[in-house]
Amino acid sequence: MEPIIKVENLVHVYPGGVKALKGVNLAVRQGEVVAILGQNGSGKTTLVKHFNGLLRPTSGNVWVKGMNTREVSIARLSRVVGYVFQNPNHQTFLPTVRDELSFGCRNLKLPEQEIKQRVKEVVIRFNLKDKLEDNPYDLNLSMRKTVAIASILAMRPAIIVLDEPTTGQDYAGCQQLLKFICELEKEGHTVVIITHDMMLVGELNKRVVVMSNGEIIADSLPREVFKDDSILQRSGLLPPQITELSRKLVPYGIIDTALTILDLYASIKEKVM
Ligand SMILES: Nc1ncnc2c1ncn2[C@@H]1O[C@H](COP(=O)(O)OP(=O)(O)OP(=O)(O)O)[C@@H](O)[C@H]1O
């Protein structure tokens, strides 16, 4: 099957001359969850902004659901790619949560009845019933982020891009988010996550694409990346502490690269029981 996102030899040079992407190739299958990792300035945001047409290739091509992004409008792409910005203030500007949740659907020119139905669905899903008449700016950051995610989801995009979704979230918020990403996967959505949160990456345990200096330097699973010192060094990634601890315990017979506390616990239990 054709990948839902196909990136071919993508180069992006910003007007000031910064070459942010230097020939990136990537294919993402429908229903895949992919985390894009890398240091600040490695090109993650520049890459994903090509998926919804916010940026156009300087050279190379990007296809989303068979559409060459050079040839279609941002409006058309936004039906397929929902982009949840890192800072919810960049996408929250209406006076009530209800208005926010219906805004994207209104832009899609859906019938009023359909909009009501979709808003109702996300309200139930994200437990927003009591917040509907609130001003989003009166909510805390975590809740505002939830509203931003819900308003994108109401548009039912096939692909959802989450830019740093755990920033500003407490532990409970992060766990909720993990659960939500797994639900999206089960529902067949393709999810692309930009993140510096290695705990999230470990807990998710899905495909990771590592960027450095405008290039993809690894495309693998977290375990493989976290035990590859050369990738870690080039990308500046720091594995979760539990992974580092498990690697130090290898000489004592503990399995390599645990991603979570449960992984390490299982390994220790096996060793001592
Ligand atoms: N609008 C812009 N104009 C000029 N240069 C830019 C612009 N946006 C990003 N850059 C540069 O392009 C390179 C890649 O930036 P990008 O934001 O894609 O990296 P990133 O990996 O997403 O970083 P971060 O983790 O900080 O968000 C950096 O050198 C950055 O300074």
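**Sheet, helices and core: the reasoning**

Me: This is a predicted model. Why are β3 and β9 called paired strands?
Reply: Pairing takes at least two DSSP bridges. Strand β3 (residues 33-38) and strand β9 (residues 207-212) are joined by 5 bridges. The two therefore pair. They run parallel, and Gly38 stands opposite Met211 in β9.

Me: What makes β6 and β10 edge strands?
Reply: The open sheet has 6 strands, in the order β6-β7-β8-β3-β9-β10. Each of β6 (81-84) and β10 (215-220) pairs on one side only. The pairing in the sheet is mixed. The twist from one strand to the next averages 20 degrees.

Me: How do you know which way α5 runs relative to β6?
Reply: Angles are taken between N-to-C directions, from 0 to 180 degrees. For α5 and β6 the angle is about 175 degrees, and α5 lies across β6 and β7 (159-163).

Me: Why do Val210 and Ile216 count as touching?
Reply: Contact means C-beta atoms within 7 Å. Ile216 is among the residues that Val210 touches, so their C-beta atoms meet that cut-off. Leu37, Val225 and Leu237 are also among them.

Me: What makes Val210 stand out in the largest nonpolar core?
Reply: That core has 57 residues, and Val210 is one of those with the most contacts inside it. Ile36, Ile159 and Val161 are the others. Helix α5 (residues 141-153) gives the most to this core, with 6 residues.

How values were computed: Residues are numbered from 1 along each chain as its sequence is written. This is a predicted model: local features need pLDDT of at least 70, side-chain atom pairs count only at pLDDT 80 or more; totals for chains, interfaces and linings use all residues. A nonpolar core is a set of buried Ala, Val, Leu, Ile, Met, Phe, Trp, Tyr and Cys residues joined through C-beta atoms within 7 Å. A residue is buried if 20 or more other C-beta atoms lie within 10 Å of its own, exposed if 12 or fewer, and partly exposed in between; C-beta atoms are placed from the backbone. Helices (H or I, at least four residues) and strands (E, at least two) are DSSP runs, numbered from the N terminus. Two residues are in contact if their C-beta atoms, placed from the backbone, lie within 7 Å. Lists of a residue's contacts leave out its neighbours within four places in sequence.
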